[in-house]
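Please examine the sequence and the three-dimensional model shown below.

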Amino acid sequence: MEFLNANLETISWFLYLFSALLFIQGLRLMNSPRTARKGNFVSIVGMIIAVIVALFHSFYNGFASATAIVLLLLGIAVGAAFGFVTAKKVKMTAMPQLVSLFNTVGGGAAALVAINDALVAVNQPISTIITIILGIIIGSVTFTGSLIAAGKLQGIVSGSPVRVPLKKLIDGLCLIGIVLCAYMMFSSNTFGYGAWLPIIALTAFSLILGITFVMPIGGADMPVVISILNACTGTAVAMAGFVINNLIMIVAGALVGAAGGILSKLMAEAMNRSLINILAGGFGDTGTTSSDTGAEMTMVETTADDVAVQMAFAARAIIVPGYGLAVAGAQHEIANLTKILESKGVEVLFAIHPVAGRMPGHMNVLLAEANISYEKLIALEDVNPMFSTADIALVVGANDVTNPAARRTGTPISGMPILDVDAAKNVVVIKRGRGKGYAGIENELYGLPQTKMLYGDAKNAVGSIIAAVKEL
Amino acid sequence: MSTLTIALTLFVFALIIGVIVIGKVPATLHTPLMSGANSIHGVVIVGVVLVAAEANTVLGFALIFLAAALGTANVVGGYTVTDRMLDMFKAKPAADKQEKGGK
């Protein structure tokens, strides 16, 4: 035991280092669909090691109070039960908001740890006070921000960009308040319990900032926002790690910070938007009006029966699933249609835009859930040359990613990578209504001679096509 | 070197490793990856366990309880939902058969 006494810190350090390596290896294995699941397991092992080391550390050195032990274990039990049950029960279409919800609780936990640090810290060096303050701010902003993001995806909070009245004034006041609180915490000799007022005020101002930050951003941009907030939580955890000088919190926090940052950049690029543009809220407030001057398009409506004939007698059909399919939860209907068409000898492929669905890669998850083989999902670069060989392209709830206007300059979506659906011999677009896409412009694809529109909810529309195909 | 200097160095190196590792992930795996990274920041539970040892006031107890519940929900829920997502990517024998039958 004496050996352990002298070396507990060193042993913990190396075990933390080992779990950090497991986190890195876990992320690395997520590079390929084949090893991704294993990567998640490796990451879980790293987490278990880190938690066991921390528990051992606390129990070996002893708790100041037995109540803390009970409440800690009780909290862990409650959290584990809640997390497990929600994660098992959630429908895959609702998964993006669940990720956001887990980000909410993570950010909340990081903020609470920082608040706790602030309350017990007395006579700390200035660097520690800075990290504590940053931890509280980032954690709190993430908490309310992710909560609003989850609410927008779930439809509890309006998904369209909401103009917060006096946003600039509120933001300004909060920022001034944060600076004032931070100053009070620095200058106060009674940092700790004596300084509870500035600590609470600091938290409150940060919570408000989280709300005004996400409210003006539209629902379709939420994945990018969630990814940014994910990075924020990682950073907040690293800050908390600085305060208690904990290796695994610093390293894992930084890993997530980098992952979230890169991921948000990749997602923004796939939508041809800059991060700044997304964070400013709304969609391209400048220049959208100029595109409305185009001539009125004539859109031709079709019926489910006609679509059924076109599809059943096609040699190759390409389905373009989009946001509308995800919202309607029509993946099982699409899978069913695919099965029936294949039994009639039709080759069915899926064209997957990088940002299809409600999150990059979300469409793959949804279609995989409906038992559609991974090999049938073709990525943008590979599927574009195939459209010219397709007898029919069925667009299900995708809009801006199919708009040929992106190839021209001077439109809000110019330069965005799009699927070359207009190259197919026939195009059928399933669409809920005549509304414009997220970019707020008309989709020129709909006015092309080979394009027919089938209005209706994706689930019902595909359902009626299936019924019609069966009767053929 | 001070502890903070070492800690900052670790932070920067971990950021760089994160950028390198993530830079390679294909777009189809972005959602599971975001979810996986999301579970990793649940490592905040380590901090909760460590500071719990020093908690000795009612406010401290309340904070520990809440933080433990939120942090664990993040870890357990995050890993579970990531596993559910990735489980769907594995080759399904039934789906393979269908594909062959259709051709």
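Is A:Glu347 buried, partly exposed or exposed? With a relative accessible area of 30%, A:Glu347 is partly exposed. Buried here means under 20% relative accessible area, exposed means over 50%, and partly exposed lies in between, with a 1.4 Å probe and the protein chains only. This is a predicted model, in which local features need pLDDT of at least 70 and side-chain atom pairs count only at pLDDT 80 or more, while totals for chains, interfaces and linings use all residues. Residues are numbered from 1 along each chain as its sequence is written, chains are lettered from A and ligands numbered from 1 in the order in which they are written, and side-chain values use heavy atoms, with hydrogens and water left out.

The side chain of A:Glu347 meets that of A:Arg316 in a salt bridge, at 3.0 Å from N to O. A:Glu347 belongs to strand S3 (residues 347-352) of chain A and A:Arg316 to strand S2 (residues 316-321) of chain A, so the pair ties together parts that are 31 residues apart in sequence. A salt bridge is a side-chain nitrogen of Lys or Arg within 4 Å of a carboxyl oxygen of Asp or Glu. Helices (H or I, at least four residues) and strands (E, at least two) are DSSP runs, numbered from the N terminus. A:Arg316 counts as buried, at 18% relative accessibility. Side chains of opposite charge can pair when their charged atoms come close.

Over all chains, the structure holds 9 salt bridges. One of them links B:Asp83 with A:Arg37, whose closest N and O atoms are 2.9 Å apart. B:Asp83 lies in helix H4 (residues 58-87) of chain B and A:Arg37 in helix H2 of chain A, so this pair joins two chains. B:Asp83 is buried, with a relative accessible area of 17%, whereas A:Arg37 is partly exposed at 26% relative accessibility. A:Arg37, B:Asp83 and B:Asp87 are linked in a network of salt bridges.

A:Asp171 is buried, with a relative accessible area of 16%, and A:Lys167 is partly exposed, with 27%.

Helix H6 of chain A has 21 residues and reaches 30 Å from its first C-alpha to its last, close to the 30 Å expected at 1.5 Å a residue. The expected span is 1.5 Å times one less than the number of residues in the helix. The buried residues of this helix include A:Asp171, A:Cys174, A:Gly177 and A:Met185.

Chain B comes to 5 helices and 0 strands. Of its 103 residues, 59% count as buried.

The empty spaces remain to be described. Rolling a probe the size of a water molecule over the atoms shows where empty space is left. On a 1 Å grid over the protein atoms alone, a cavity is a set of points where a 1.4 Å probe fits but cannot get out, and a pocket is an open set with protein on both sides within 12 Å along at least five of seven lines; lining residues have an atom within 4 Å of a point. Grid points are joined across faces, edges and corners, and a volume is the space filled by probe spheres set on the points.

The second largest pocket holds about 660 Å³ of space. Its lining has 35 residues, of which A:His57, A:Ile244, A:Asn245, B:Leu50 and B:Glu54 lie nearest its centre. The lining divides into 18 nonpolar, 14 polar and 3 charged residues. Ala, Val, Leu, Ile, Met, Phe, Trp, Tyr, Cys and Pro count as nonpolar, Asp, Glu, Lys and Arg as charged, and the others, Gly among them, as polar.

A search of the whole structure finds 3 cavities of 30 Å³ or more. About 30 Å³ of space lies in the second largest cavity, and its lining residues include A:Gly26, A:Met30, B:Gly36 and B:Tyr79. That lining divides into 5 nonpolar, 5 polar and no charged residues.
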